[in-house]
Amino acid sequence: MTHGSEPRRVSTGMGRTVAIDGTGAPEVGDDQPMPRIGRVAVVAHRKKSLDGGLDELRSRLADHHVEDLLWYEVGKSKKAPKRVRHALAAGAELIIAWGGDGLVQRCLDTVAGSDIPVGIIPAGTANLFAH
């Protein structure tokens with residue numbers, strides 16, 4: 001989250017740029033059209049928590065007009081790769097990984113070599129990847 005009035009723009013390394021402004025919403029008075037949000041897949045470890053949990057994530061995605069949402073919850077991170085492969089086969093244009101280091105690593109390993117960006121929400125115990 002930035003504390004200035006301008007959202008920080010971050011290159012995903014794949015020719016795409018995303019805005020980070022704390023909420024993900026466009027700034028008031030922004031004359032640029034809202035970018036098209038395609039199919040988004042959430043791969044979440046249901047036993048991990050952060051702030052308002054998965055209910056809050058689902059609500060925030062809806063608030064930002066993510067309508068084509070694939071939702072996968074796993075009880076163990078070792079089940080994440082199968083869900084990510086399913087999401088990729090279903091045409092996901094963004095993968096959001098919600099969980100600890102194990103789930104994040106497994107998601108990244110599965111999308112490696114593709115041009116699909118991965119958003120990471122560190123909701124584990126140590127979250128070493130996020131540090």
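This is a predicted model: local features need pLDDT of at least 70, side-chain atom pairs count only at pLDDT 80 or more; totals for chains, interfaces and linings use all residues.
Which side chain does the side chain of serine 77 join in a polar contact?

1. Start with the opening question: the partner is arginine 106, and the polar contact between the two side chains spans 2.8 Å. To find serine 77, look in the loop that runs between strand E4 (69-74) and helix H2 (80-89).

2. Is serine 77 buried or exposed? Its relative accessible area is 17%, and the cut-off for buried is under 20%, so serine 77 counts as buried. Leaving aside residues up to four places away in sequence, serine 77 touches His45, Gly102, Leu103 and Arg106. Arginine 106 therefore turns up both in that list of neighbours and as the polar partner, with serine 77 itself being buried.

3. Now for the charged pairs. Side chains of opposite charge can pair when their charged atoms come close. How many salt bridges does the structure hold? There are 3, and the next points take them in turn.

4. Aspartate 68 and arginine 39 meet through their side chains in a salt bridge, at 3.0 Å from N to O. This pair links distant parts of the chain, 29 residues apart: aspartate 68 sits in the loop between helix H1 (53-63) and E4, while arginine 39 belongs to the loop between strand E2 (17-20) and strand E3 (40-45). Aspartate 68 is partly exposed, at 32% relative accessibility. Arginine 39 is partly exposed too, with a relative accessible area of 25%.

5. Next comes glutamate 73, which forms a salt bridge with arginine 46; their closest N and O atoms lie 3.9 Å apart. Here again distant parts of the chain are linked, with glutamate 73 in strand E4 and arginine 46 in the loop between E3 and H1, 27 residues apart. The relative accessible area is 30% for glutamate 73, making it partly exposed. For arginine 46 the value is 47%, which also counts as partly exposed.

6. That leaves arginine 60 and glutamate 56, whose side chains meet in a salt bridge at 2.9 Å, N to O. What separates these two along helix H1? About one helical turn, because they are 4 residues apart in that helix. Arginine 60 is partly exposed, with a relative accessible area of 41%, and glutamate 56 is partly exposed at 28% relative accessibility.

Terms used: Residues are numbered from 1 along each chain as its sequence is written. Side-chain values use heavy atoms; hydrogens and water are left out. Buried means under 20% relative accessible area, exposed over 50%, partly exposed in between (1.4 Å probe, protein chains only). A polar contact is a pair of N or O atoms within 3.5 Å; within protein, one must be able to donate a hydrogen and the other to accept it, and residues adjacent in sequence count only if both atoms are side-chain atoms. Contact means heavy atoms within 4.5 Å. A salt bridge is a side-chain nitrogen of Lys or Arg within 4 Å of a carboxyl oxygen of Asp or Glu.
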